[in-house]
Amino acid sequence: MTKEEQSDAKAPAHRSGFVAVVGRPNVGKSTLMNALVGRPIAIASSRPETTRKAIRGIMTRPEAQVVLVDTPGIHRPRTLLGQRLNDVVEASLSDVDAIAFLLPADQAIGPGDRRILSRLRSDFAHKDKDGQWTWRKPLIAVVTKIDQLSKGQLVDKLLEIGAFADFSQIVPVSALEADNVDEVAQVLMDAMPEGPQLYPDDQLTEERPEDMIAELVRGAYLEELNDELPHSLAVRVESIDPDPQGGRDTIHIGIYVERDSQKPIVIGRGAEHLVRVKKKLRTAVNRTMGRKVRLDLHVKVARNWQTDPKQLERLGF
């Protein structure tokens, strides 16, 4: 055997697979996924229930490739939209190789966390004769927002989470401060089965550019409007018109609210909100499209769209 053959024989096998990133709303799922992928893929906002789709981010390293499925936060639905978000989670969990269960360090374990654990146990675990749960797939506790605690408080929190469930591993992280992100990446890669690389090195997501742009606009508005319209807003790219002269393409975007009275809030006095959102997103949208474009934003009314099946389908839910 040559030296090259010996080296190849010792090299660990490449790993690849899918990880569902789950947790109740506003525990840092999107922020963590963006940190692992290395670029904003999902909206990271302080508003709860921000994510509305199962967004796939692709983390590629020389030794492994992990597809992170950022799911909407599991919650008790109050509208048809909420039920469909939970259905998205169900579909996301159906065919994964591991689950990352995010638990925030700065919040107590609550009914929402227990409900998620019960659901995961019904799908991925069984009890042995001694009443102990055995997981069929790795369940990894990712303790987020550790920058909010002292070292002593963090130790107590890790002990509390260890007693909460029989996790395969527990790993703390602050994605916002880039603290321990590499360790989370390594734990997830180690949990993947052996397999080939699934996507090209430079592909970071499965999302279409149109969907990414719609999410960028919605994320910008979530921050722009604070708590005025947290969930009444939906965004859709209506069309992309090429410039016949070879200049900038125009992206026509519909911003949908549920009532006429909400339109002035979204537009702002003197169209200030529209102007600020377009200015804020110019670089991000150009990067997403790979060229310079123009944004054409229009605010429209889709009455009670969160509870109307036809409206939900039209808006992509």
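## Close-up views of a predicted model

Ala271 sits in the loop that connects helix 8 (263-267) with helix 9 (272-289); helices (H or I, at least four residues) and strands (E, at least two) are DSSP runs, numbered from the N terminus. This is a predicted model, in which local features need pLDDT of at least 70, side-chain atom pairs count only at pLDDT 80 or more, and totals for chains, interfaces and linings use all residues. Residues are numbered from 1 along each chain as its sequence is written, and side-chain values use heavy atoms, with hydrogens and water left out.

View A. Most residues other than glycine have a negative phi. Ala271 is not a glycine, yet its phi is positive, near 60 degrees. Its relative accessibility is 26%, so Ala271 counts as partly exposed (buried means under 20% relative accessible area, exposed over 50%, partly exposed in between, with a 1.4 Å probe and protein chains only). Lys145, in the loop between strand 7 (139-144) and helix 5 (151-164), also has a positive phi, of about 60 degrees. Lys145 is partly exposed because its relative accessibility is 23%.

**View B. A side-chain contact of Arg24.** Arg24 belongs to the loop between strand 1 and helix 2. With a relative accessible area of 14%, Arg24 is buried. Its side chain makes a polar contact of 2.9 Å with the side chain of Asp113. Such a contact is a pair of N or O atoms within 3.5 Å; within protein, one must be able to donate a hydrogen and the other to accept it, and residues adjacent in sequence count only if both atoms are side-chain atoms.

View C. Strands of a sheet pair through backbone hydrogen bonds, either parallel or antiparallel. This open sheet has the order 9-10-11 and mixed pairing, where two strands pair if DSSP finds at least two bridges between them. Strand 9 (234-241) and strand 11 (293-301) are the edge strands, each pairing on one side only. Strand 9 and strand 10 (residues 249-257) run antiparallel and are joined by seven bridges. In strand 10, Ile251 stands opposite Ile240.
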